[in-house]
Amino acid sequence: MHFVDLWLTRSLSMCLLLQSFVLMILCFHSASMCPKGCLCSRSGGLNVSCSNANLKEIPRDLPPETVLLYLDSNQITSIPNEIFKDLHQLRVLNLSKNGIEFIDEHAFKGVAETLQTLDLSDNRIQSVHKNAFNNLKARARIANNPWHCDCTLQQVLRSMASNHETANNVICKTSVLDEHAGRPFLNAANDADLCNLPKKTTDYAMLVTMFGWFTMVISYVVYYVRQNQEDARRHLEYLKSLPSRQKKPDEADDVSTVV
């Protein structure tokens with residue numbers, strides 16, 4: 001019995017030692033994979049915090065098991081295509097307070113359907129590709145950007161149908177219609193369908209062009225008729241000005257003799 005107790009005690013000690021060793025390896029593995037300048041921790045998944053790290057671009061060595069990623073308050077200027085494609089567990093992505101100006105068409109490929117929160121507020125984004133947020137399920141924050149309100153932005157926000165508050169917080173810094181500058185995009189979109197403006201402008205241009213050609217044709221016809229009338233009048237006056245031809249007496253006598 002004593003032998004059994006001793007064996008159980010040693011087995012339990014070995015299990016605890018082995019468990020500690022495994023946890024140490026996992027922690028060391030996570031720390032070794034953490035991007036330079038970032039802090040990694042585990043709490044319901046791997047949390048990667050790169051806030052205020054003076055980053056000029058998004059790290060390309062992010063751990064695949066990242067769940068929360070904080071890249072706020074840096075100097076990032078763009079989001080390249082497929083930069084997050086391997087982060088299949090990513091739920092929260094914070095890119096606020098950077099200098100982001102460009103978002104490529106496939107920037108969120110691979111995470112669009114898993115993200116729950118996306119923060120792009122307080123950047124320098126004026127416009128994005130119309131497909132940049134395709135299939136995005138996340139609650140997006142895109143306020144405090146110098147947005148240019150046009151057809152593309154209208155299409156982008158329509159593709160984010162579940163984010164009603166997103167459109168409410170978008171203020172038009174500039175717009176294809178000057179009267180919309182400085183107004184919330186939602187109000188501007190309700191006033192006019194920005195995607196129909198180019199078509200209407202083209203229609204107006206065609207009407208103006210057609211009217212111009214029509215005016216030229218009518219003017220030419222009127223000029224042609226008036227010119228012909230003037231020539232006809234001059235010709236008639238010329239004929240009237242010719243002296244009438246009178247018969248000579250000998251011509252009349254010859255006619256009588258012949259008869």
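Visitor: What is the handedness of the link of Cys 38 and Cys 50?
Guide: That link is right-handed, with 110° about the S-S bond. The S to S distance of Cys 38 and Cys 50 is 2.0 Å, and a disulfide here is a pair of cysteine sulfur atoms within 2.5 Å.

Visitor: Where in the chain do those two sit?
Guide: Cys 38 is in the loop between helix H1 (2-33) and strand S1 (39-42), and Cys 50 is in the loop between strand S2 (46-49) and strand S3 (66-70). The two are 12 residues apart, and the pair links distant parts of the chain. Helices (H or I, at least four residues) and strands (E, at least two) are DSSP runs, numbered from the N terminus.

Visitor: Experimental or predicted coordinates?
Guide: This is a predicted model, in which local features need pLDDT of at least 70 and side-chain atom pairs count only at pLDDT 80 or more, while totals for chains, interfaces and linings use all residues. Residues are numbered from 1 along each chain as its sequence is written, and side-chain values use heavy atoms, with hydrogens and water left out.

Visitor: Back to Cys 38 and Cys 50: buried or exposed?
Guide: Both are buried. Buried means under 20% relative accessible area, exposed over 50%, and partly exposed in between (1.4 Å probe, protein chains only).

Visitor: And what about Cys 34 and Cys 40?
Guide: Their sulfur atoms are 2.0 Å apart and form a disulfide. The torsion about that S-S bond is about 90°, so the Cys 34 and Cys 40 disulfide is right-handed. Cys 34 counts as buried at 16% relative accessibility, whereas Cys 40 is partly exposed at 25%.

Visitor: Why is the disulfide of Cys 149 and Cys 172 left-handed?
Guide: Because the torsion about its S-S bond is about -100°. Cys 149 lies in strand S9 (residues 147-149) and Cys 172 in strand S10 (residues 172-175), so the pair ties together parts 23 residues apart in sequence. Cys 149 is buried at 0% relative accessible area, and Cys 172 is buried at 1%.

Visitor: How many disulfides does the count come to?
Guide: Four. With the bonded cysteines numbered in sequence order, the pairing is 1-3, 2-4, 5-7, 6-8.
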